[in-house]
Amino acid sequence: MDFRLHYPTTIAEAVAARRSTGGSYLCGGTVLLVDHYNGKRIAQDLVSLERIEELHRIDEDEETISIGSACSFSQIEKHPAVKRYLGALYLSAREIGGPQIRNRGSIGGNYASASPASDMIAPILVLDPEIVMEDDLIVRFVFRKDEKVRSAFRKVGKRTALAVSSVSIAVSNRDGVYRVAVGSCAPKVVLCSRTSEVLSRGEGIERAKDTLMGEISPIDDRWGSAEYRRAVVRNLLERLVEEVSR
Ligand SMILES: Cc1cc2nc3c(=O)[nH]c(=O)nc-3n(C[C@H](O)[C@H](O)[C@H](O)COP(=O)(O)OP(=O)(O)OC[C@H]3O[C@@H](n4cnc5c(N)ncnc54)[C@H](O)[C@@H]3O)c2cc1C
């Protein structure tokens with residue numbers, strides 16, 4: 001198939017190009033082009049985000065850290081404010097793919113792919129940024145800089161590097177208010193609101209684990225059995241709650 005590549009330099013041009021062509025945005029291409037080479041039909045018009053400088057920047061002010069949607073995992077992992085304030089996001093950026101994928105894959109592409117195994121979605125759900133959109137383009141994620149928020153992330157796969165997550169989990173805690181999100185245990189990454197409430201009400205970790213079991217629906221597949229996933233996620237919940245409560 002011959003693709004028609006578009007290289008807008010502004011957000012407005014990108015939105016207009018996608019609308020007029022009915023094509024897809026193309027960022028790092030680590031999902032879209034892999035789909036194409038695997039025989040999946042993808043759009044013929046690809047609107048590249050490569051030349052829109054604003055999408056590739058991490059900006060910081062006194063209150064916020066604003067991450068452009070085209071920022072790579074490597075960029076995110078290396079930013080000192082991300083490590084300091086956004087622990088769960090930092091840990092997920094370090095663990096995604098191998099170096100090549102971390103240099104090309106973007107936070108926006110990870111979120112827009114909406115795969116149950118998209119590792120950045122659980123950290124995003126527990127850190128709860130403002131997501132700035134322009135039409136259907138994700139522009140940036142604006143996180144609050146809050147010294148009181150502690151967060152952590154863990155993924156478990158079949159091997160340490162380059163593994164699709166069998167389970168991923170992120171937990172945050174701000175002054176005893178918890179948020180829990182779990183990946184690879186349902187058709188999409190789930191923000192587990194009932195488990196978060198049980199923890200925030202101080203009802204104890206065993207009750208939280210039991211509640212979590214009712215909020216996920218893992219399946220047996222080549223990355224793990226449902227039973228294995230349930231056992232792992234119970235253990236990880238306890239470990240991460242301990243970490244963010246110290
Ligand atoms: C070998 C390999 C290993 C991988 N390992 C992992 C892993 O460990 N964990 C993990 O989570 N993922 C992994 N991935 C998947 C992938 O790298 C990520 O999901 C990545 O974040 C996708 O970003 P991208 O910029 O490459 O997206 P693209 O492929 O460019 O786009 C993906 C989708 O998002 C849309 N899109 C992109 N940017 C935007 C935007 N700003 N606004 C709206 N829509 C947008 C595109 O139109 C497309 O539909 C792996 C992939 C490969 C090939």
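Select the ligand and the 29 residues around it; Cys27, Gly28, Gly108, Gly109 and Asn110 come nearest (near means a C-beta atom, placed from the backbone, within 6 Å). The elements that give two or more residues to this shell are strand E2 (24-26), helices H2 (32-37), H6 (99-104) and H7 (107-113), and strand E7 (137-144). Helices (H or I, at least four residues) and strands (E, at least two) are DSSP runs, numbered from the N terminus. Helix H7 gives the most, five residues.

This is a predicted model: local features need pLDDT of at least 70 and side-chain atom pairs pLDDT 80 or more, while totals for chains, interfaces and linings use all residues. Residues are numbered from 1 along each chain as its sequence is written.

Next, select E1, E3 and E2. In that order these three strands form an open sheet with parallel pairing (strands pair if DSSP finds at least two bridges between them). Strand E1 (4-6) and E2 stand at the edges with a single partner strand each, so one side of each has no neighbour in the sheet. The twist averages 35 degrees from one strand to the next. Between E1 and E3 (residues 45-48) there are three bridges, and His6 stands opposite Val47 in E3.

Move to helix H10 (residues 205-213), where Ala208, Thr211 and Leu212 are buried (20 or more other C-beta atoms within 10 Å of a residue's own, all placed from the backbone). They are on the same side of H10 because they cover an arc of only 100 degrees around the axis, taken from the directions from the helix axis to the C-beta atoms.

Definitions and conventions. Buried ≥ 20, exposed ≤ 12 C-beta atoms within 10 Å, placed from the backbone. Axes fitted to C-alpha atoms, helices over the stretch in contact; angles between N-to-C directions.
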